[in-house]
Amino acid sequence: MFGIGIIGCGKIAQVRHIPEYAAHPEAKLVGFYDINQQRAAGLAAKYGGRAYATVEELLAEPEIQAVSICAANFAHAELTIAALNAGKHVLCEKPMATNLADCEAMVQAADANGKFLMIGHNQRLAKAHSLARKLIVEGLIGDIITFRTIFGHGGPETWSIDPGKNTWFFDKNRAAMGAMADLGIHKTDLIQFLTGQRVIRTTARVTTLDKKDASGNLIGVDDNAICVYELSGGAMGTMTASWTYYGAEDNSTILYGTKGIMRIYDDPAAAIKVILADGSKISYDVEAIQTNDNQTKSGVIDLWMDSLVNNREPEISGRSALAAMRAVFASLRSSELGTAVEIPENR
């Protein structure tokens with residue numbers, strides 16, 4: 001049994017981390033911390049354990065062996081490093097951190113303390129994505145030539161624990177990045193997972209087109225990001241992240257290979273549809289993709305607990321997440337410069 005601490009008790013903690021820990025036979029929720037102490041106390045009353053007045057007190061608790069970091073983006077690196085230095089294993093929500101140096105420091109802290117660091121890239125764990133990766137490795141659609149991957153919805157103001165236009169997601173000081181960090185990191189990590197390649201060059205436009213704050217001004221972070229990614233194995237395609245899809249959520253990926261086309265979460269009738277070069281079609285009916293309005297078990301906590309119980313590095317380790325974070329920061333740089341940016345570390 002592993003004692004678990006929750007740092008940051010907002011929406012992602014409440015709908016995914018906490019209930020999934022509560023349902024796991026090897027996890028025991030021991031402590032909760034949030035800047036809103038009433039929120040933490042309410043969760044402690046509901047799930048057991050106690051609410052701590054400070055992060056330091058929670059991290060000093062010997063009954064806690066691992067923590068989930070579910071705070072705002074700007075605090076991820078500081079909290080993660082403090083927890084690792086306190087001898088705790090850490091599951092950190094995405095984005096890993098708000099700059100590459102902090103991401104690297106988090107990995108170094110995990111190594112220095114001999115502790116696990118996992119990042120919550122749950123898209124890899126969606127059943128259709130897992131199956132798609134297997135089919136790609138088996139060569140069903142041949143070598144991937146181009147791709148298109150999208151994650152778009154109406155914005156976090158309907159999702160945040162404090163809904164509305166004053167959500168922390170729109171505050172540049174707390175979020176640092178907008179749709180690119182919230183949604184783009186998912187699809188950047190995913191396209192690397194599906195293809196088995198890394199992003200080595202990006203040409204991006206990361207901007208704010210429509211989303212407004214409570215004062216009627218454009219928000220301080222991006223609401224749209226459109227990137228052209230060139231991958232280490234020669235594939236090229238687009239990654240779009242948007243908070244301005246004011247209708248049905250789109251979380252689809254299409255891969256164009258030398259033997260056919262694979263459409264993932266692109267048709268409600270089938271999670272995966274394959275159209276081969278000879279015109280034959282194959283459909284795979286697996287679990288539908290999660291949406292903000294349809295939350296199902298993410299698989300993140302199960303994978304995390306499996307790593308702890310079996311004492312092995314998690315599949316989605318901090319080190320493995322670095323390649324996607326490099327692509328995100330390179331895309332921001334590309335947008336600023338108006339030119340393509342190389343990512344030599346991903347080669």
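The model is predicted, so local features need pLDDT of at least 70, side-chain atom pairs count only at pLDDT 80 or more, and totals for chains, interfaces and linings use all residues. Residues are numbered from 1 along each chain as its sequence is written, and side-chain values use heavy atoms, with hydrogens and water left out.

Side chains of opposite charge can pair when their charged atoms come close. The whole structure holds 15 salt bridges (a side-chain nitrogen of Lys or Arg within 4 Å of a carboxyl oxygen of Asp or Glu).

Start with Arg124 and Asp189. Their side chains form a salt bridge at 2.7 Å, N to O. Arg124 sits in the loop between β6 (117-119) and α6 (127-137) and Asp189 in helix α8 (residues 179-195), so the pair ties together parts 65 residues apart in sequence. Helices (H or I, at least four residues) and strands (E, at least two) are DSSP runs, numbered from the N terminus. Both Arg124 and Asp189 are buried. Buried means under 20% relative accessible area, exposed over 50%, and partly exposed in between (1.4 Å probe, protein chains only).

Now take Arg201 and Glu230. Their salt bridge spans 2.9 Å, N to O. It links distant parts of the chain: Arg201 is in strand β8 (residues 199-207) and Glu230 in strand β9 (residues 224-231), 29 residues apart. Arg201 is partly exposed at 28%; Glu230 is partly exposed at 23%. A network of salt bridges links Arg201, Glu230, Glu342 and Arg347.

Lys134 is partly exposed at 47%, whereas Glu138 is exposed at 53%.
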